[in-house]
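User: Could you take a close look at the salt bridges in this model and walk me through them? I am new to this, so please start with any term I will need.

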Amino acid sequence: MRRGIAATALVASLALAATACGGSGSGDEAGGPVTITWWDTSNATNEAPTYQALVKEFEAANKDIKVKYVNVPFDQAQNKFDTAAGSKGAPDVLRSEVGWTPAFAKKGFFAPLDGTEALAEQDKFQPSLIEQATYEGKTYGVPFTTDTLALVYNKELFAKAGVEAPRTWDDLKKAAATIKDKTGVDGYWGSTQAYYAQSFLYGEGTDTVDVDAKKITVTSPEAKKAYGTWQGLFKGKGLHKADTTADAYAHIQEAFVSGKVASIIQGPWEITNFYKGSAFKDKNNLGIATVPAGSTGKAGAPTGGHNLSVYAGSDKAHQEASLKFVKFMTSAKAQETIALKNSTLPTREDAYTAKVKADPGIAGFQSVLPAAQPRPALPEYSSLWTPLDDELLKIASGKESLDKGLGNAETAIAKLVPDYSK
């Protein structure tokens, strides 16, 4: 899940205005190549150049297809696509966050890809990632990049303190105190964001909702225990207090890469930024471990990432060109290139080549993927984190009790999934 991606809004809006009719085939010359539009939602600075180079490679190999590349800021893309698709002016291909895929499929905006050339090598992809691209028995995206959360830590600071990567949240508390005593820096700094608190829920064997039972579970005894553990990691020796400012994400990241805090929970989208920090000039100093387990003894982390999806409103010629483009971009060769250039995780095993796994960040995150849990195919699922973001911030700052905050979140979630019971 790519967080906090920044881009110039004015430039993006002008580009979008110029390409709003990408799916209609406007601009194609009679007898000339078909022009498809791709909205890429990746980081415009760190990742986009790799994708732009692959677009040129695709066009060189497919003279009958042109790709109009548009980089759309991630935090704007979902709403922009929703608006564009509703007015029949969406791009032919979208880099869709996994949580958006079932929502757009439900609205009829994505074309099912089963039996098409885009999914001709379906067995090469991790089954859980195909599952995340599925809605009501049909597949609406090809896994493009994947990610999950892990405990990332400073090996040097852990070694100085004589501690190992903790296996449980209780172990993390003890390790943080020891690190503080031995090195003088905090051992752990947690996030107030609901996405980052998801692992605490999994560690207690629960989630925000029970999809099978159609029940909201955010105030269940298991969830309260999970969030209680999360809350307890903001106070104590070696545990950094909660940052409730708008720039909390940047503050936590900067402290970690500069060696001012020994561990955080983070995803592979920050690998390249880790390496830019003074603490990780030696890439091998970056430790990556499975998130700590809860009282169940099991550890779990949310699966994030992106699919490439095809707009259902495009005509046959544009859909066929889009399918060919998606197949190329999700091939083992393209995914290897993307991993080497962008330090993101491939979605297919044959893309984890020796060159790719030579990056300790990628190799480390690949090792924790078994603990990643796919999101349920609930179109509203990703939106459930929004009310939790608001309430967890108040809980962490001491403005609300845990019970009151979770109760408020339950009420807000009930409005998003009105057919679910409390």
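Analyst: Let's begin with a term: a residue is called buried when its relative accessible area is under 20%, exposed when it is over 50%, and partly exposed in between. Asp82 has a relative accessibility of 26%, so Asp82 counts as partly exposed. Please keep in mind that this is a predicted model.

Now to the partner of Asp82. Its side chain meets that of Lys107 in a salt bridge, at 2.8 Å from N to O. Asp82 sits in helix 3 (residues 74-86) and Lys107 in the loop between helix 4 (100-106) and helix 5 (127-132), so this pair ties together parts that are 25 residues apart in sequence. Lys107 is also partly exposed, because its relative accessibility is 49%.

Another salt bridge pairs Glu391 with Lys394, whose closest N and O atoms are 4.0 Å apart. Here both residues belong to helix 16 (residues 385-397), 3 residues apart, or about one turn of the helix. Glu391 is buried, at 10% relative accessible area, while Lys394 is partly exposed at 34%.

Methods
Residues numbered from 1 in each chain as written. Predicted model: local features only at pLDDT ≥ 70, side-chain atom pairs only at ≥ 80, totals over all residues. Heavy atoms only, no water. Helix = DSSP H or I, 4+ residues; strand = E, 2+ residues; numbered from the N terminus. Buried < 20%, exposed > 50% of the residue type's maximum accessible area, 1.4 Å probe, protein only.
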